[in-house]
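Biologist: I am new to this one. Could you walk me through its pockets and its surface?

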Amino acid sequence: MNLIDKATHAREAAAAMTALTTEQKNQALLAMADALETHMAHIIEANTQDTTAAKESGITHAMLDRLTLTEARIKDMADGLRQVTTLADPVGDVLEAWELPNGLQVEKVRVPLGVIGIIYEARPNVTVDAAGLCLKAGNAVVLRGSSSALHSNRTLVTILREALTDTAIPVEAIQLLDEGTREEVNRMMRLNGYLDVIIPRGGAGLIRSVVENSSVPVIETGAGNCHIYLDASAKLDMATNIVLNAKTQRPAVCNAAETLLVHTDWAKQHLTDILTALTEKNVELRGCARTRELAPDLAILPATDEDWSTEYNDYIMTIGIVDSVEEAIAHINRFSTKHSEAIITESAENARAFLTRVDSAAVYHNASTRFTDGFEFGFGAEIGISTQKLHARGPMGLPALTSSKYIIHGAGQIR
């Protein structure tokens, strides 16, 4: 089946889904969850084909981690679908209601977006997360994963579609584009009239390419050049725990910290301590001239202009010394991708300034950036983290996958 045929079937499925009840959608999601666990061995076999090829191509350890599926991760994917069934269905919610002077009754209600296209990289779990969330919000989904996860994605989609066979959700509501070519992506981005929106999930290069080349509306997500600023009053133990968590717990994800800014007074006392802790976690350090002067015994590469703007997705961190919270805010607003930033401080005044003036989707005081996640925010699985300001911002749960329309009840009024 070619791309246009798949998109046509998805649009027809989306139209049929507008009549489904919440119970019908939940039953379908539960069937999908059970199917994943039933076919776990088949999924791992397909994933092994992808990871073996990835290793031979020289993929980084961090990116290999994103690609790999284990029994535990497949169970997590299934549990994620089950959790989505427990979430409130946003479709049909009345957002506003009022009566006009002429007696017309006006309601603004949530409705599905329609057909959502997802373009993503090297994370086969996105296949399941995206399908589950889109279906629960009444949408059909057209998936285009990376060629590095092609066997995994084909197997997952086959299993999910088969699970829908005896449910109220049409099988055609889940489509996978699996040519694995760049031309396929280019054609997908021109599917006006078939796709209502495209959501890219991946690195900065992918997101920029989709934003610049798609004629279908785009919700920009994901790229995370995230910062942590250690203010003069930051507690050493807290700062160390947060920085290590944000950088090393899972460095290949978009909410991992890439840049550490340190107030000069704090740096004079504790910089060597925290940089040593990072080094012990195998983090490569790249620092400004002041950083390298204050920690001459550590292996710190000179930070380039490009480093300040880079999302590494790896065990690499750039360190800069600043003289004030104002300088930290200015640096972040200049180089950030507007994803997640954190200040570690005991100063309520500096925390307030940081939280108010840093222009990112999620801003933290004394907590790790790793919490920018739909599950952690209580949304269930997320479709992505929006770094733009229109339609949705931050972790995108079910309501972000809906639009609205006006329903007007009259009694014969004319204008």
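Biologist: Which element gives the most to the lining of the largest pocket?
Modeller: This is a predicted model. Two elements give two or more residues to that lining: helix 5 (71–86) and helix 6 (125–136). With six residues, the top contributor is helix 5.

Biologist: What is the volume of the largest pocket?
Modeller: Its lining takes in 40 residues. Among those nearest the centre are Arg 123, Asp 129 and Arg 250. The lining divides into eleven nonpolar, 15 polar and 14 charged residues. The pocket's volume is about 1000 Å³.

Biologist: How many charged residues are in the lining of the second largest pocket?
Modeller: That pocket has a volume of about 350 Å³. It is lined by 16 residues, with Glu 121, Arg 144, Arg 182, Val 185 and Leu 206 closest to its centre. Six lining residues are nonpolar and seven are polar. The charged ones number three.

Biologist: Now the surface. Is Leu 100 buried, partly exposed or exposed?
Modeller: Leu 100 sits in the loop between strand 1 (94–99) and strand 2 (105–112). Its relative accessible area is 31%. Buried means under 20% and exposed means over 50%. Leu 100 falls in between, so it is partly exposed.

Definitions and conventions
Residues are numbered from 1 along each chain as its sequence is written. This is a predicted model: local features need pLDDT of at least 70, side-chain atom pairs count only at pLDDT 80 or more; totals for chains, interfaces and linings use all residues. Side-chain values use heavy atoms; hydrogens and water are left out. Helices (H or I, at least four residues) and strands (E, at least two) are DSSP runs, numbered from the N terminus. Buried means under 20% relative accessible area, exposed over 50%, partly exposed in between (1.4 Å probe, protein chains only). On a 1 Å grid over the protein atoms alone, a cavity is a set of points where a 1.4 Å probe fits but cannot get out, and a pocket is an open set with protein on both sides within 12 Å along at least five of seven lines; lining residues have an atom within 4 Å of a point. Grid points are joined across faces, edges and corners, and a volume is the space filled by probe spheres set on the points. Ala, Val, Leu, Ile, Met, Phe, Trp, Tyr, Cys and Pro count as nonpolar, Asp, Glu, Lys and Arg as charged, and the others, Gly among them, as polar.
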